[in-house]
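Hi,

Here is the structure I promised to pass on. Please look it over before reading my notes below.

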Amino acid sequence: MSDFATWYNQVPPFTRIWLSATVGLSLVAKFGILPLEYLILQYAPLFYKFQLWRPVTAVLFYPLNPGTGFHFMMNCYFLYNYSLRLESDHYKQKPGDYFYMLFFNWFLCVIIGLLIDLPILMDPMVLSVLYVWCKLNKDVIVNFWFGTRFKAMYLPWVLLGMNMILSSGSIFSLLGILVGHAYYFLKFIYPSELGGPALIETPFFIKRYFPDVHGGTHGFGVPPIYAIDARNHGDSPHSEQHSYEHMVEDMVALYKSIGIERASIIGHSMGGRAMMLLALRYPELVEKAIIVDISPAAGLGTSNTNIPLFLQSMKMIQIDPEATIHQARRIADEQLAKIIAEKPLRDFLITNLVKNEKDGGRFHWRINLESLERNFHTGVAQFPTLTGHRFDGPTLFIAGGRSDYVKPADAPLIKTLFPNSEIKYVKDAGHWVHSEKSAEFAKLLAMVDLVAKRSINCNQGAVRAVRYNVDGSYCFSCGSDKKIKLWNPRTGLLLKTYGGHADEVMDAAGSCESSFIISASLDKSVIYWDVSTGLPVRRLRGHAGGVTCVRFNEDSSIAVSGSKDNTIACWDVRTRKLDPVQTMREAKDCITALVVTEHKIVSASLDGSVRQYDIRAGELVCDTIGVPITYLVQTSDGQCLLAACSDGVIRLIDNDTGELLSEYKGHRVDDYHIECGITGADTKIISGSAEGVAVLWDLLEGNEVRRLRVGNEVVHSLAIHPTKNDLLFARKRHLEVWGHPDEDTDEA
């Protein structure tokens, strides 16, 4: 499939149809196949001759001539860019809502166009969609022309100002802003902030044709969350049967009913055991699991052994129907206090006390006390004994430091059933960890919040390296097909291809202003590229062997390259000089990685040494590890270096003394050069691995904290977003995007 076909098929459907219809209809009119006067909005032909297509063609058609061509192209750019972002981000799970937004904006544009006699409505329709995106992402920084940067909320007004200066189209821009604001106000502001009714709701028949999509990301990259009442609890049906097996089958039925293929699950106490059993019995349904203060070991914590007594006490509580719900819960709390000393447990239990107005105002318990009491010892107190079951996905056990529900003696069984698991204790927390220590609990959840966002088939043979640009707004892949490809990692769209090397491209780096790329190839050359034109500015030759790594200095005036010829070359890319300004020849084997700072060049080599060249002082410091080094990165504070070695050990080294501070093991390297990195504000070490995973370790403690299943092939290259938690991985011909749900910086 060609690059164009790949790009076109990746565009979301409504944006693809809108853009295609706009370009197609405008070209058809340009070539005279359809007369222009039949495509514009006019009152008389619409109502007296019933030419009902005019409201539609008026927003799609734009007259093309030498004076309007550039404006039409800019409209198509804004249409594509911002319709795509809305459709693929905020409305990704709700295509019906996006279609209804387009319908509302179109309808309002047509009404106003008829009232003030505007025959062509492409401008206001496009700007109305852009306005909605800007309001929903008002604090996102957009990069505009000539290097200007500002918040997205100002973009519609900047475009209005430009239209006032460059053309007479300000009325169209104002109309687009008005229509976009009308939708945004009625849909979001009026019901949520002003307390008014929801005036814009997608009709049911549209939802039937464009149903909501369950699973995946939702909203601004946030996964949908389902809070589930177990059987005999909350609003779920009551049943005489109650066991973990029954709860798991309930979950499987729920998956099917709402169309979930795979999900991350979390459960506390009894719910935690139900989620454990779901992961063990149906691992294909579970992406990752979080189990809160419960273990699969036999028995329960101290407080749970008294639950039958608690249930009996709850059944004995009598409350006058004339009491309010608050009075009733206070009375219930006073009576339960005689049996249950723990206030958090009483608070939890009395939330189940409700008033039934249809039953004369009588109070009852939402939980099925009889069924729970009858099935407690056989269905709740004992976790099923499982033989031959295990869940290999990432699993986090969060336990209270003062609780005895997860004991140290339970760790071997947990590791047997959940080999990719970790146990974290929250200091001074009891069984109700999530309510007693909510801040600490939330921090632990963030550790497992990394999700696979997108898989991009680069069509480059094998992807040799992936890199972010300086601000993370785009990324590039280096391929065995001798090319570099520039991508938008948020959408997975190919932006540009750079071809000019005669052999595999092994590495690349972006300049500090994102205007240039420097690339390294096995053809022994370094190419300095112009990002916007895709053309080489300068081809630098001077190495006697293939070039394996390349970096810019801080102001991007110097490019530094390392080669298989054991040398490091420094190139002045701001001048026309084609020879290196300096060459370092101290290495005894191939240079595999470079770290370049304001006045230092640090290199890693297969000769097992890390060399630090202080350019200002003219000094060289060599630290010998003794094992071939395949990759090297520096902590953000500049105090430590992280060296990935061919023996499968990642070593943390003090930058000043060369002292070995820590080692990280557990990943497989085989015979590959596996890259590593430092993420989480210098708190986590991450590395690729030969078995298709990325492994994370705690930097200080040195323990493995999580494995990300990236794919089945070797994960050899990775990149960490400069400001966010997003990650890039290279495996075979694919680029994998992982990260936390968050906002992004975008191009205008």
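This is a predicted model: local features need pLDDT of at least 70, side-chain atom pairs count only at pLDDT 80 or more; totals for chains, interfaces and linings use all residues.

Residues are numbered from 1 along each chain as its sequence is written, and side-chain values use heavy atoms, with hydrogens and water left out.

Helix packing

Helix 2 (residues 13–30) packs against helix 5 (residues 69–90) at about 165 degrees, their axes 8 Å apart. That makes the two helices roughly antiparallel (angles over 145 degrees). Axes are lines fitted to C-alpha atoms over the stretch in contact, and angles run from 0 to 180 degrees between N-to-C directions. Helices are DSSP runs of H or I, at least four residues, and strands are runs of E, at least two, numbered from the N terminus.

Salt bridges

The count is 25, taking a side-chain nitrogen of Lys or Arg within 4 Å of a carboxyl oxygen of Asp or Glu.

- Aspartate 97 pairs with lysine 207, closest N and O atoms 3.0 Å apart. Aspartate 97 is in helix 6 (residues 95–116) and lysine 207 in helix 10 (residues 204–209), 110 residues apart. Both are buried (under 20% relative accessible area, with exposed over 50% and partly exposed in between; 1.4 Å probe, protein chains only).
- Arginine 707 bridges to glutamate 691 at 2.9 Å between the closest N and O atoms. Both residues are buried.
- Arg467, Asp507, Arg551 and Glu675 form a salt-bridge network.

Best wishes

Definitions and conventions
Angles under 35 degrees count as roughly parallel, over 145 as roughly antiparallel, 65 to 115 as roughly perpendicular and the rest as oblique.
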